[in-house]
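Thanks for coming. I have one structure to go through this morning, so please look at the screen.

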Amino acid sequence: MKNFRYGTDQLTIGKAMALTHGTLHGTLSAKDRHKIDRSQSYVRDIVNHDEVVYGVNTGFGPLCDTIISPKDTANLQHNLLKSHAVGVGNPIPKSIAKTMMIIKAHALAQGYSGIQLRTLERIIWMAEQEIIPVVPEQGSVGASGDLAPLSHLFLPLIGFGHVHYKGEVLPAKEVLQARGMPPLQLGPKEGLALINGTQFIAAHAVHGLYRMYNALEAADIIGAMSLEGLMGSYKPFDTRLHQIRPFPGNQLVAHRLWRLLHKSEIANSHPDCGRVQDPYSLRCIPQVHGASRAAWLHLKDLTEIEINSVTDNPIILGPHDTISGGNFHGQPLAIALDYAAIGAAELGNIADRRCYLIIEGRYGLPKLLIRDAGLNSGFMIPQYTAAALVSENKNLCFPASADSIPTSLGQEDHVSMGSISGRKLNKIIDHLEYILAIELLYAAQAIDFRRPLHSSEILEACHTLVRKHIPFTERDRIFADDINGLQQLIHSGAFVAAANQAAKVHDNQFNQTAYDAFNIS
(Lines give C-alpha, C1' and ligand atoms only; values in the text may rest on other atoms or scores of the structure.)
Protein backbone atom coordinates (compact mmCIF):
# COMPACT_ATOMS: atom_id res chain seq x y z
CA MET A 1 0.00 0.00 0.00
CA LYS A 2 1.37 3.39 -1.00
CA ASN A 3 1.41 6.42 1.28
CA PHE A 4 -0.13 9.86 0.81
CA ARG A 5 1.35 12.74 2.83
CA TYR A 6 -1.44 14.93 4.17
CA GLY A 7 -0.68 18.62 3.77
CA THR A 8 2.16 18.04 1.30
CA ASP A 9 1.14 15.80 -1.60
CA GLN A 10 -1.33 16.87 -4.29
CA LEU A 11 -4.75 15.31 -3.75
CA THR A 12 -6.59 14.19 -6.90
CA ILE A 13 -10.02 12.66 -7.43
CA GLY A 14 -8.42 9.25 -7.83
CA LYS A 15 -6.27 9.60 -4.70
CA ALA A 16 -9.19 10.87 -2.63
CA MET A 17 -11.20 7.81 -3.63
CA ALA A 18 -8.21 5.51 -3.02
CA LEU A 19 -7.89 6.92 0.51
CA THR A 20 -11.63 6.42 0.95
CA HIS A 21 -11.45 2.82 -0.29
CA GLY A 22 -8.40 2.09 1.86
CA THR A 23 -6.07 1.30 -1.04
CA LEU A 24 -3.94 4.37 -0.24
CA HIS A 25 -2.61 5.15 3.25
CA GLY A 26 -2.44 8.71 4.62
CA THR A 27 0.43 9.90 6.80
CA LEU A 28 1.80 13.08 8.38
CA SER A 29 5.46 13.91 7.76
CA ALA A 30 7.72 15.45 10.39
CA LYS A 31 7.67 18.69 8.42
CA ASP A 32 3.86 18.77 8.43
CA ARG A 33 3.74 18.03 12.16
CA HIS A 34 6.03 20.98 12.74
CA LYS A 35 3.78 23.28 10.65
CA ILE A 36 0.72 22.18 12.61
CA ASP A 37 2.40 22.70 16.01
CA ARG A 38 3.69 26.10 14.91
CA SER A 39 0.23 27.23 13.80
CA GLN A 40 -1.24 26.10 17.12
CA SER A 41 1.43 28.07 19.01
CA TYR A 42 0.42 31.23 17.13
CA VAL A 43 -3.16 30.75 18.37
CA ARG A 44 -1.95 30.29 21.95
CA ASP A 45 0.01 33.53 21.68
CA ILE A 46 -3.10 35.36 20.46
CA VAL A 47 -5.03 34.18 23.51
CA ASN A 48 -2.21 34.93 25.94
CA HIS A 49 -1.75 38.47 24.60
CA ASP A 50 -5.47 39.30 24.62
CA GLU A 51 -5.37 40.02 20.90
CA VAL A 52 -8.89 40.05 19.47
CA VAL A 53 -9.25 37.55 16.61
CA TYR A 54 -12.55 36.30 15.25
CA GLY A 55 -13.48 32.86 16.51
CA VAL A 56 -10.45 32.57 18.80
CA ASN A 57 -11.67 34.88 21.54
CA THR A 58 -14.89 36.26 20.05
CA GLY A 59 -18.33 34.85 19.43
CA PHE A 60 -19.39 33.64 16.00
CA GLY A 61 -21.33 35.13 13.11
CA PRO A 62 -23.34 38.13 14.34
CA LEU A 63 -21.71 37.65 17.77
CA CYS A 64 -18.28 38.48 16.35
CA ASP A 65 -18.06 41.60 18.51
CA THR A 66 -18.62 39.64 21.74
CA ILE A 67 -15.28 39.11 23.52
CA ILE A 68 -14.67 35.75 25.22
CA SER A 69 -12.38 35.51 28.24
CA PRO A 70 -9.24 33.32 28.03
CA LYS A 71 -10.65 30.81 30.52
CA ASP A 72 -13.76 30.29 28.36
CA THR A 73 -12.08 29.84 24.98
CA ALA A 74 -12.12 26.02 25.22
CA ASN A 75 -15.80 25.93 26.22
CA LEU A 76 -16.48 28.25 23.29
CA GLN A 77 -15.19 25.62 20.85
CA HIS A 78 -17.19 22.76 22.39
CA ASN A 79 -20.34 24.86 22.42
CA LEU A 80 -19.73 25.69 18.76
CA LEU A 81 -19.77 22.03 17.68
CA LYS A 82 -22.87 21.25 19.73
CA SER A 83 -24.90 24.32 18.74
CA HIS A 84 -24.11 23.97 15.03
CA ALA A 85 -25.00 20.27 14.81
CA VAL A 86 -28.49 20.93 13.45
CA GLY A 87 -28.51 18.63 10.43
CA VAL A 88 -31.68 16.76 9.47
CA GLY A 89 -32.72 14.10 6.98
CA ASN A 90 -31.17 10.79 6.06
CA PRO A 91 -27.48 10.17 6.75
CA ILE A 92 -25.18 10.70 3.81
CA PRO A 93 -23.42 7.54 2.56
CA LYS A 94 -20.66 6.39 4.88
CA SER A 95 -18.14 6.62 2.03
CA ILE A 96 -18.88 10.32 1.45
CA ALA A 97 -18.54 11.05 5.18
CA LYS A 98 -15.14 9.34 5.13
CA THR A 99 -14.08 11.42 2.14
CA MET A 100 -15.09 14.54 4.09
CA MET A 101 -12.69 13.48 6.86
CA ILE A 102 -9.88 12.90 4.35
CA ILE A 103 -10.30 16.27 2.61
CA LYS A 104 -10.53 18.08 5.95
CA ALA A 105 -7.40 16.32 7.24
CA HIS A 106 -5.51 17.42 4.12
CA ALA A 107 -6.59 21.05 4.61
CA LEU A 108 -5.78 21.12 8.34
CA ALA A 109 -2.36 19.53 7.75
CA GLN A 110 -1.25 22.53 5.69
CA GLY A 111 -0.70 24.48 8.92
CA TYR A 112 -2.96 27.51 8.53
CA SER A 113 -5.78 26.50 10.88
CA GLY A 114 -4.36 26.48 14.41
CA ILE A 115 -5.44 22.90 15.07
CA GLN A 116 -3.77 20.73 17.70
CA LEU A 117 -1.71 17.87 16.28
CA ARG A 118 -3.53 15.31 18.43
CA THR A 119 -6.88 16.45 17.05
CA LEU A 120 -5.75 15.93 13.48
CA GLU A 121 -4.19 12.57 14.39
CA ARG A 122 -7.52 11.48 15.87
CA ILE A 123 -9.37 12.37 12.65
CA ILE A 124 -6.89 10.41 10.54
CA TRP A 125 -6.99 7.45 12.94
CA MET A 126 -10.80 7.32 12.90
CA ALA A 127 -10.85 7.32 9.11
CA GLU A 128 -8.29 4.50 8.97
CA GLN A 129 -10.19 2.44 11.54
CA GLU A 130 -13.48 2.91 9.64
CA ILE A 131 -15.05 4.72 12.59
CA ILE A 132 -17.07 7.08 10.44
CA PRO A 133 -19.41 9.72 11.91
CA VAL A 134 -23.10 9.78 10.99
CA VAL A 135 -23.78 13.00 9.06
CA PRO A 136 -27.33 14.12 8.14
CA GLU A 137 -27.72 15.18 4.51
CA GLN A 138 -29.56 18.49 4.99
CA GLY A 139 -28.76 21.68 6.87
CA SER A 140 -25.89 23.33 4.99
CA VAL A 141 -26.36 26.46 2.89
CA GLY A 142 -22.80 26.26 1.60
CA ALA A 143 -21.33 29.41 3.12
CA SER A 144 -19.27 29.78 6.25
CA GLY A 145 -18.63 26.38 4.83
CA ASP A 146 -20.74 23.35 5.57
CA LEU A 147 -21.32 24.22 9.21
CA ALA A 148 -24.03 21.72 10.16
CA PRO A 149 -22.65 18.61 8.45
CA LEU A 150 -19.09 19.32 9.60
CA SER A 151 -20.35 19.77 13.16
CA HIS A 152 -21.91 16.32 13.03
CA LEU A 153 -18.73 14.95 11.45
CA PHE A 154 -16.61 16.09 14.37
CA LEU A 155 -18.97 15.72 17.34
CA PRO A 156 -17.39 12.30 18.06
CA LEU A 157 -14.08 14.03 18.81
CA ILE A 158 -15.65 15.50 21.95
CA GLY A 159 -17.74 12.44 22.84
CA PHE A 160 -21.06 13.18 21.12
CA GLY A 161 -22.89 11.97 18.04
CA HIS A 162 -22.99 8.54 16.42
CA VAL A 163 -20.64 6.60 14.17
CA HIS A 164 -20.77 3.81 11.63
CA TYR A 165 -18.68 0.96 13.01
CA LYS A 166 -18.52 -2.67 11.94
CA GLY A 167 -21.86 -2.53 10.16
CA GLU A 168 -23.72 -0.79 13.01
CA VAL A 169 -24.58 2.75 14.02
CA LEU A 170 -23.43 3.25 17.61
CA PRO A 171 -22.88 6.13 20.06
CA ALA A 172 -19.48 7.59 19.27
CA LYS A 173 -18.42 7.82 22.91
CA GLU A 174 -18.95 4.08 23.46
CA VAL A 175 -16.98 3.05 20.38
CA LEU A 176 -14.05 5.39 21.05
CA GLN A 177 -13.82 4.52 24.74
CA ALA A 178 -13.84 0.81 23.86
CA ARG A 179 -10.85 1.53 21.60
CA GLY A 180 -9.07 3.47 24.37
CA MET A 181 -9.73 6.88 22.87
CA PRO A 182 -11.38 9.26 25.36
CA PRO A 183 -13.03 12.51 24.17
CA LEU A 184 -10.65 15.32 23.25
CA GLN A 185 -10.48 18.72 24.91
CA LEU A 186 -10.47 21.23 22.08
CA GLY A 187 -8.23 24.26 22.31
CA PRO A 188 -8.82 27.83 21.10
CA LYS A 189 -9.87 28.13 17.44
CA GLU A 190 -10.13 24.35 16.96
CA GLY A 191 -13.89 24.03 16.79
CA LEU A 192 -14.05 26.80 14.22
CA ALA A 193 -11.25 25.20 12.18
CA LEU A 194 -13.18 21.93 12.17
CA ILE A 195 -16.58 23.20 11.05
CA ASN A 196 -15.57 26.04 8.72
CA GLY A 197 -14.86 24.66 5.25
CA THR A 198 -16.39 23.20 2.12
CA GLN A 199 -15.70 19.52 2.76
CA PHE A 200 -19.36 18.41 2.47
CA ILE A 201 -19.64 20.09 -0.93
CA ALA A 202 -16.20 18.89 -2.02
CA ALA A 203 -16.76 15.28 -0.96
CA HIS A 204 -20.02 15.16 -2.93
CA ALA A 205 -18.13 16.60 -5.90
CA VAL A 206 -15.40 13.95 -5.61
CA HIS A 207 -17.91 11.10 -5.52
CA GLY A 208 -20.03 12.69 -8.25
CA LEU A 209 -16.98 13.02 -10.51
CA TYR A 210 -15.88 9.46 -9.85
CA ARG A 211 -19.34 8.06 -10.59
CA MET A 212 -20.02 10.35 -13.56
CA TYR A 213 -16.74 9.33 -15.17
CA ASN A 214 -17.87 5.70 -15.07
CA ALA A 215 -21.27 6.70 -16.47
CA LEU A 216 -19.65 8.68 -19.30
CA GLU A 217 -17.48 5.71 -20.23
CA ALA A 218 -20.47 3.35 -20.09
CA ALA A 219 -22.69 5.72 -22.09
CA ASP A 220 -20.29 5.72 -25.05
CA ILE A 221 -20.16 1.93 -25.13
CA ILE A 222 -23.90 1.44 -24.68
CA GLY A 223 -24.61 4.13 -27.28
CA ALA A 224 -22.39 2.24 -29.72
CA MET A 225 -24.29 -0.98 -28.95
CA SER A 226 -27.60 0.79 -29.62
CA LEU A 227 -26.26 2.11 -32.91
CA GLU A 228 -25.31 -1.44 -33.90
CA GLY A 229 -28.73 -2.75 -32.95
CA LEU A 230 -30.33 -0.05 -35.08
CA MET A 231 -27.92 -0.62 -38.00
CA GLY A 232 -26.77 3.00 -37.77
CA SER A 233 -23.85 4.57 -39.56
CA TYR A 234 -20.43 5.12 -38.06
CA LYS A 235 -19.50 7.84 -40.58
CA PRO A 236 -20.53 10.72 -38.24
CA PHE A 237 -17.61 9.66 -36.00
CA ASP A 238 -14.99 10.24 -38.70
CA THR A 239 -12.02 12.18 -37.28
CA ARG A 240 -12.08 14.60 -40.20
CA LEU A 241 -15.55 15.84 -39.27
CA HIS A 242 -14.49 16.66 -35.73
CA GLN A 243 -11.25 18.34 -36.75
CA ILE A 244 -13.26 21.21 -38.21
CA ARG A 245 -15.22 21.68 -34.97
CA PRO A 246 -12.52 20.70 -32.50
CA PHE A 247 -14.21 20.52 -29.13
CA PRO A 248 -11.97 18.13 -27.17
CA GLY A 249 -14.86 16.24 -25.54
CA ASN A 250 -16.53 15.69 -28.91
CA GLN A 251 -13.28 14.50 -30.45
CA LEU A 252 -12.68 12.09 -27.59
CA VAL A 253 -16.14 10.52 -27.91
CA ALA A 254 -15.93 10.34 -31.72
CA HIS A 255 -12.58 8.56 -31.45
CA ARG A 256 -13.99 6.07 -28.95
CA LEU A 257 -17.05 5.33 -31.08
CA TRP A 258 -15.00 4.95 -34.27
CA ARG A 259 -12.72 2.45 -32.55
CA LEU A 260 -15.61 0.66 -30.79
CA LEU A 261 -17.14 -0.06 -34.21
CA HIS A 262 -13.85 -1.08 -35.80
CA LYS A 263 -14.12 -4.41 -37.69
CA SER A 264 -17.82 -4.75 -36.88
CA GLU A 265 -19.64 -7.07 -39.29
CA ILE A 266 -22.87 -5.29 -38.47
CA ALA A 267 -21.49 -1.83 -39.22
CA ASN A 268 -19.92 -3.00 -42.46
CA SER A 269 -22.96 -4.96 -43.67
CA HIS A 270 -25.03 -2.02 -44.92
CA PRO A 271 -22.81 0.53 -46.70
CA ASP A 272 -25.38 1.12 -49.46
CA CYS A 273 -28.59 0.67 -47.48
CA GLY A 274 -30.12 3.95 -48.66
CA ARG A 275 -30.42 5.61 -45.23
CA VAL A 276 -29.15 9.12 -45.79
CA GLN A 277 -28.60 9.94 -42.11
CA ASP A 278 -29.56 8.69 -38.66
CA PRO A 279 -31.65 10.42 -36.01
CA TYR A 280 -29.76 12.84 -33.77
CA SER A 281 -29.63 10.46 -30.80
CA LEU A 282 -27.30 8.27 -32.92
CA ARG A 283 -25.62 10.75 -35.24
CA CYS A 284 -24.92 13.36 -32.56
CA ILE A 285 -23.55 11.11 -29.81
CA PRO A 286 -20.13 12.84 -29.93
CA GLN A 287 -21.68 16.30 -29.68
CA VAL A 288 -23.97 15.41 -26.75
CA HIS A 289 -21.73 13.04 -24.81
CA GLY A 290 -18.82 15.36 -25.56
CA ALA A 291 -20.61 18.33 -24.02
CA SER A 292 -21.28 16.27 -20.90
CA ARG A 293 -17.59 15.40 -20.74
CA ALA A 294 -16.75 19.11 -20.95
CA ALA A 295 -19.02 19.78 -17.96
CA TRP A 296 -17.35 16.90 -16.10
CA LEU A 297 -13.87 18.24 -16.87
CA HIS A 298 -14.76 21.74 -15.66
CA LEU A 299 -15.95 20.37 -12.33
CA LYS A 300 -12.90 18.12 -12.04
CA ASP A 301 -10.49 21.03 -12.54
CA LEU A 302 -12.21 23.17 -9.90
CA THR A 303 -12.67 20.32 -7.43
CA GLU A 304 -8.98 19.42 -7.52
CA ILE A 305 -8.16 23.02 -6.65
CA GLU A 306 -10.68 22.94 -3.82
CA ILE A 307 -9.57 19.68 -2.20
CA ASN A 308 -6.01 21.00 -2.02
CA SER A 309 -7.08 24.32 -0.50
CA VAL A 310 -7.54 25.73 2.99
CA THR A 311 -11.17 26.76 3.37
CA ASP A 312 -11.66 27.54 7.06
CA ASN A 313 -11.62 30.95 8.71
CA PRO A 314 -9.76 32.87 10.05
CA ILE A 315 -6.45 31.84 8.49
CA ILE A 316 -3.35 31.87 10.70
CA LEU A 317 -0.42 33.11 8.62
CA GLY A 318 2.15 33.85 11.33
CA PRO A 319 2.68 35.42 14.75
CA HIS A 320 -0.07 38.01 15.15
CA ASP A 321 -0.83 37.71 11.43
CA THR A 322 -4.36 36.48 10.74
CA ILE A 323 -6.92 37.10 8.01
CA SER A 324 -10.65 36.76 8.40
CA GLY A 325 -11.86 36.17 4.87
CA GLY A 326 -14.25 34.06 2.84
CA ASN A 327 -12.42 30.96 1.61
CA PHE A 328 -15.29 28.90 3.04
CA HIS A 329 -17.79 30.21 0.49
CA GLY A 330 -18.99 27.34 -1.70
CA GLN A 331 -19.78 29.31 -4.87
CA PRO A 332 -16.76 28.12 -6.94
CA LEU A 333 -17.98 24.51 -6.73
CA ALA A 334 -21.71 25.22 -6.52
CA ILE A 335 -22.02 26.61 -10.05
CA ALA A 336 -19.78 23.89 -11.51
CA LEU A 337 -21.79 21.17 -9.72
CA ASP A 338 -24.98 22.51 -11.26
CA TYR A 339 -23.32 22.54 -14.68
CA ALA A 340 -22.15 18.92 -14.25
CA ALA A 341 -25.66 17.95 -13.12
CA ILE A 342 -27.02 19.18 -16.46
CA GLY A 343 -24.31 17.22 -18.24
CA ALA A 344 -25.22 14.02 -16.39
CA ALA A 345 -28.93 14.54 -17.00
CA GLU A 346 -28.36 15.00 -20.74
CA LEU A 347 -26.62 11.61 -20.93
CA GLY A 348 -29.87 10.10 -19.67
CA ASN A 349 -31.99 12.27 -21.94
CA ILE A 350 -30.32 11.09 -25.15
CA ALA A 351 -30.14 7.49 -23.90
CA ASP A 352 -33.92 7.47 -23.45
CA ARG A 353 -34.34 8.66 -27.07
CA ARG A 354 -32.24 5.75 -28.27
CA CYS A 355 -34.41 3.38 -26.22
CA TYR A 356 -37.49 4.78 -27.95
CA LEU A 357 -35.92 4.28 -31.38
CA ILE A 358 -35.08 0.65 -30.63
CA ILE A 359 -38.66 -0.35 -29.72
CA GLU A 360 -40.38 1.53 -32.56
CA GLY A 361 -40.11 -1.43 -34.92
CA ARG A 362 -37.93 0.33 -37.49
CA TYR A 363 -34.77 -0.70 -39.33
CA GLY A 364 -35.67 -4.38 -39.36
CA LEU A 365 -36.25 -4.76 -35.62
CA PRO A 366 -39.57 -6.21 -34.37
CA LYS A 367 -41.93 -3.77 -32.70
CA LEU A 368 -41.26 -3.66 -28.94
CA LEU A 369 -38.23 -5.88 -29.53
CA ILE A 370 -40.13 -9.15 -29.26
CA ARG A 371 -41.32 -11.59 -31.91
CA ASP A 372 -44.78 -12.29 -30.50
CA ALA A 373 -45.94 -8.76 -29.66
CA GLY A 374 -49.57 -8.61 -28.64
CA LEU A 375 -49.64 -11.61 -26.37
CA ASN A 376 -46.40 -10.12 -25.01
CA SER A 377 -45.91 -6.43 -24.23
CA GLY A 378 -42.20 -6.96 -24.73
CA PHE A 379 -39.99 -3.99 -23.97
CA MET A 380 -42.76 -1.41 -24.01
CA ILE A 381 -42.72 -0.50 -20.32
CA PRO A 382 -39.04 -0.21 -19.34
CA GLN A 383 -38.94 2.92 -21.50
CA TYR A 384 -41.68 4.37 -19.24
CA THR A 385 -39.25 4.03 -16.35
CA ALA A 386 -36.49 5.70 -18.36
CA ALA A 387 -38.87 8.53 -19.27
CA ALA A 388 -39.89 8.99 -15.62
CA LEU A 389 -36.26 9.15 -14.48
CA VAL A 390 -35.34 11.56 -17.28
CA SER A 391 -38.22 13.83 -16.27
CA GLU A 392 -37.20 13.73 -12.61
CA ASN A 393 -33.63 14.59 -13.57
CA LYS A 394 -34.86 17.62 -15.51
CA ASN A 395 -36.51 18.90 -12.33
CA LEU A 396 -33.31 18.27 -10.39
CA CYS A 397 -31.37 20.39 -12.90
CA PHE A 398 -32.72 23.64 -11.49
CA PRO A 399 -29.48 25.29 -10.30
CA ALA A 400 -29.29 25.41 -6.52
CA SER A 401 -26.49 27.97 -6.91
CA ALA A 402 -28.97 30.43 -8.39
CA ASP A 403 -30.60 30.77 -4.95
CA SER A 404 -29.42 32.56 -1.83
CA ILE A 405 -31.23 33.02 1.48
CA PRO A 406 -29.48 35.27 4.04
CA THR A 407 -28.55 33.62 7.35
CA SER A 408 -26.82 34.52 10.63
CA LEU A 409 -28.88 37.69 11.11
CA GLY A 410 -27.58 39.03 7.79
CA GLN A 411 -23.88 38.49 8.54
CA GLU A 412 -23.97 35.71 5.97
CA ASP A 413 -26.07 37.62 3.47
CA HIS A 414 -25.11 35.63 0.38
CA VAL A 415 -24.79 31.85 0.45
CA SER A 416 -23.99 29.31 -2.30
CA MET A 417 -26.37 26.40 -1.62
CA GLY A 418 -23.53 24.26 -3.01
CA SER A 419 -24.36 21.43 -0.62
CA ILE A 420 -27.68 21.03 -2.44
CA SER A 421 -25.88 21.18 -5.80
CA GLY A 422 -23.61 18.32 -4.73
CA ARG A 423 -26.45 16.15 -3.45
CA LYS A 424 -28.47 16.74 -6.62
CA LEU A 425 -25.60 15.73 -8.90
CA ASN A 426 -25.29 12.40 -7.13
CA LYS A 427 -29.06 11.84 -7.21
CA ILE A 428 -29.08 12.50 -10.98
CA ILE A 429 -26.27 9.95 -11.39
CA ASP A 430 -28.34 7.43 -9.39
CA HIS A 431 -31.11 7.85 -11.97
CA LEU A 432 -28.66 7.90 -14.90
CA GLU A 433 -27.30 4.48 -14.02
CA TYR A 434 -30.81 3.01 -14.26
CA ILE A 435 -31.50 4.78 -17.56
CA LEU A 436 -28.27 3.39 -19.00
CA ALA A 437 -29.19 -0.05 -17.68
CA ILE A 438 -32.49 0.12 -19.60
CA GLU A 439 -30.70 1.19 -22.77
CA LEU A 440 -28.21 -1.67 -22.32
CA LEU A 441 -31.11 -4.11 -21.91
CA TYR A 442 -32.59 -2.87 -25.18
CA ALA A 443 -29.29 -2.70 -27.09
CA ALA A 444 -28.31 -6.26 -26.19
CA GLN A 445 -31.70 -7.56 -27.36
CA ALA A 446 -31.45 -5.58 -30.60
CA ILE A 447 -27.98 -6.94 -31.38
CA ASP A 448 -29.33 -10.49 -30.99
CA PHE A 449 -31.74 -9.78 -33.84
CA ARG A 450 -28.77 -9.02 -36.11
CA ARG A 451 -27.35 -12.54 -35.88
CA PRO A 452 -25.49 -14.21 -37.50
CA LEU A 453 -23.67 -10.89 -37.93
CA HIS A 454 -21.39 -9.89 -35.10
CA SER A 455 -20.28 -6.53 -33.79
CA SER A 456 -16.73 -5.52 -32.91
CA GLU A 457 -14.66 -7.53 -30.47
CA ILE A 458 -15.16 -4.99 -27.68
CA LEU A 459 -18.92 -4.71 -28.12
CA GLU A 460 -19.28 -8.48 -28.40
CA ALA A 461 -17.41 -8.84 -25.09
CA CYS A 462 -19.85 -6.39 -23.52
CA HIS A 463 -22.81 -8.25 -25.04
CA THR A 464 -21.47 -11.56 -23.68
CA LEU A 465 -21.18 -10.04 -20.21
CA VAL A 466 -24.81 -8.89 -20.37
CA ARG A 467 -25.95 -12.35 -21.47
CA LYS A 468 -24.14 -13.94 -18.51
CA HIS A 469 -26.60 -12.07 -16.30
CA ILE A 470 -29.65 -11.45 -18.48
CA PRO A 471 -30.99 -13.96 -21.04
CA PHE A 472 -32.46 -13.10 -24.43
CA THR A 473 -36.17 -12.32 -24.10
CA GLU A 474 -38.60 -14.64 -25.89
CA ARG A 475 -41.66 -13.74 -23.79
CA ASP A 476 -42.68 -11.33 -21.03
CA ARG A 477 -40.96 -11.56 -17.66
CA ILE A 478 -40.33 -9.27 -14.69
CA PHE A 479 -37.98 -6.75 -16.26
CA ALA A 480 -37.31 -4.95 -12.97
CA ASP A 481 -34.92 -7.78 -12.06
CA ASP A 482 -33.05 -7.29 -15.35
CA ILE A 483 -32.85 -3.52 -14.88
CA ASN A 484 -31.54 -3.82 -11.33
CA GLY A 485 -28.97 -6.41 -12.36
CA LEU A 486 -27.64 -4.30 -15.21
CA GLN A 487 -27.61 -1.18 -13.04
CA GLN A 488 -25.32 -3.01 -10.60
CA LEU A 489 -23.11 -4.11 -13.51
CA ILE A 490 -22.75 -0.46 -14.55
CA HIS A 491 -22.52 0.99 -11.02
CA SER A 492 -19.76 -1.42 -9.95
CA GLY A 493 -17.61 -0.53 -12.94
CA ALA A 494 -17.64 -4.14 -14.16
CA PHE A 495 -19.27 -3.23 -17.47
CA VAL A 496 -16.67 -0.60 -18.38
CA ALA A 497 -13.89 -2.88 -17.12
CA ALA A 498 -15.06 -5.63 -19.49
CA ALA A 499 -14.80 -3.25 -22.45
CA ASN A 500 -11.36 -2.05 -21.37
CA GLN A 501 -10.12 -5.60 -20.92
CA ALA A 502 -11.39 -6.62 -24.36
CA ALA A 503 -9.66 -3.58 -25.88
CA LYS A 504 -6.40 -4.64 -24.23
CA VAL A 505 -6.70 -8.24 -25.44
CA HIS A 506 -7.49 -7.23 -29.01
CA ASP A 507 -5.11 -4.26 -29.12
CA ASN A 508 -7.93 -1.84 -29.88
CA GLN A 509 -6.85 1.69 -28.98
CA PHE A 510 -10.32 3.08 -28.26
CA ASN A 511 -9.11 4.51 -24.92
CA GLN A 512 -5.83 5.87 -26.28
CA THR A 513 -6.27 9.54 -27.14
CA ALA A 514 -4.43 12.81 -26.66
CA TYR A 515 -6.98 13.96 -24.09
CA ASP A 516 -5.48 12.77 -20.79
CA ALA A 517 -7.23 15.56 -18.88
CA PHE A 518 -10.49 13.63 -19.26
CA ASN A 519 -9.17 10.76 -17.12
CA ILE A 520 -9.39 10.07 -13.41
CA SER A 521 -5.97 10.15 -11.74
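I will go through a sheet, a loop, some aromatic pairs and a helix. Please keep in mind that this is a predicted model.

Let me start with the sheet. What is the strand order? It reads β4-β6-β7, in an open sheet of 3 strands with antiparallel pairing. The edge positions belong to β4, residues 132–133, and β7, residues 168–171; each has a single partner strand, so one side of each has no neighbour in the sheet.

Now the pairings. β4 is joined to β6, residues 162–165, by 2 bridges, and these strands run antiparallel. If you want to find that contact on the screen, look for Pro133, whose bridge partner in β6 is Val163. Between β6 and β7 there are 4 bridges, again with the strands antiparallel. Here you can look for His162, which has Pro171 of β7 as its bridge partner. β6 and β7 also make a hairpin, with 2 residues between the strands. Lys166 sits in that turn and has a positive phi of about 50°.

Next, a loop residue. Pro319 lies between β8, residues 315–318, and β9, residues 321–323. Is Pro319 buried or exposed? Its relative accessibility is 51%, and the cut-off for exposed is over 50%, so Pro319 counts as exposed. Along the chain, Pro319 and Arg44 are 275 residues apart, yet their C-alpha atoms are separated by 10.0 Å.

On to the aromatic residues. How many aromatic pairs are there? The count comes to 7. One of them is Tyr213 with Trp296, a tilted pair with 5.6 Å from centre to centre and 40° between the planes. Tyr213 belongs to helix α9, residues 199–229, and Trp296 to helix α13, residues 285–306, so this pair ties together parts 83 residues apart in sequence. Both Tyr213 and Trp296 are buried.

A second pair is Phe449 with Phe472. The ring centres are 5.5 Å apart and the planes stand at 65°, so this pair is edge-to-face. Phe449 is in the loop between α16, residues 418–448, and α17, residues 457–469. Phe472 is in the loop between α17 and α18, residues 479–491, and the two residues are 23 apart. Their burial falls on either side of the 20% cut-off: Phe449 is buried, at 19% relative accessible area, while Phe472 is partly exposed, at 22%. Ring pairs also link Phe379, Tyr442 and Phe479 into a cluster.

Last, helix α19, residues 494–505. Which residues of α19 are buried? They are Phe495, Val496, Ala498, Ala499, Ala502 and Ala503. These residues cover an arc of only 155° around the axis, which means that they lie on the same side of α19.

What do the buried residues of α19 pack against? Their partners are α9, α16, α17 and α18. The face turned away from the buried side carries Lys504 and Val505, which are exposed. After α19 comes Asp507, with a positive phi near 55°.

That is all from me.

Definitions and conventions:
Residues are numbered from 1 along each chain as its sequence is written. This is a predicted model: local features need pLDDT of at least 70, side-chain atom pairs count only at pLDDT 80 or more; totals for chains, interfaces and linings use all residues. Side-chain values use heavy atoms; hydrogens and water are left out. Two strands pair if DSSP finds at least two bridges between them. Buried means under 20% relative accessible area, exposed over 50%, partly exposed in between (1.4 Å probe, protein chains only). Rings of Phe, Tyr and Trp (its six-membered ring) pair if their centres lie within 6.5 Å; planes under 30 degrees apart count as stacked, over 60 as edge-to-face and the rest as tilted. The arc is that of the directions from the helix axis to the C-beta atoms. Contact means heavy atoms within 4.5 Å.
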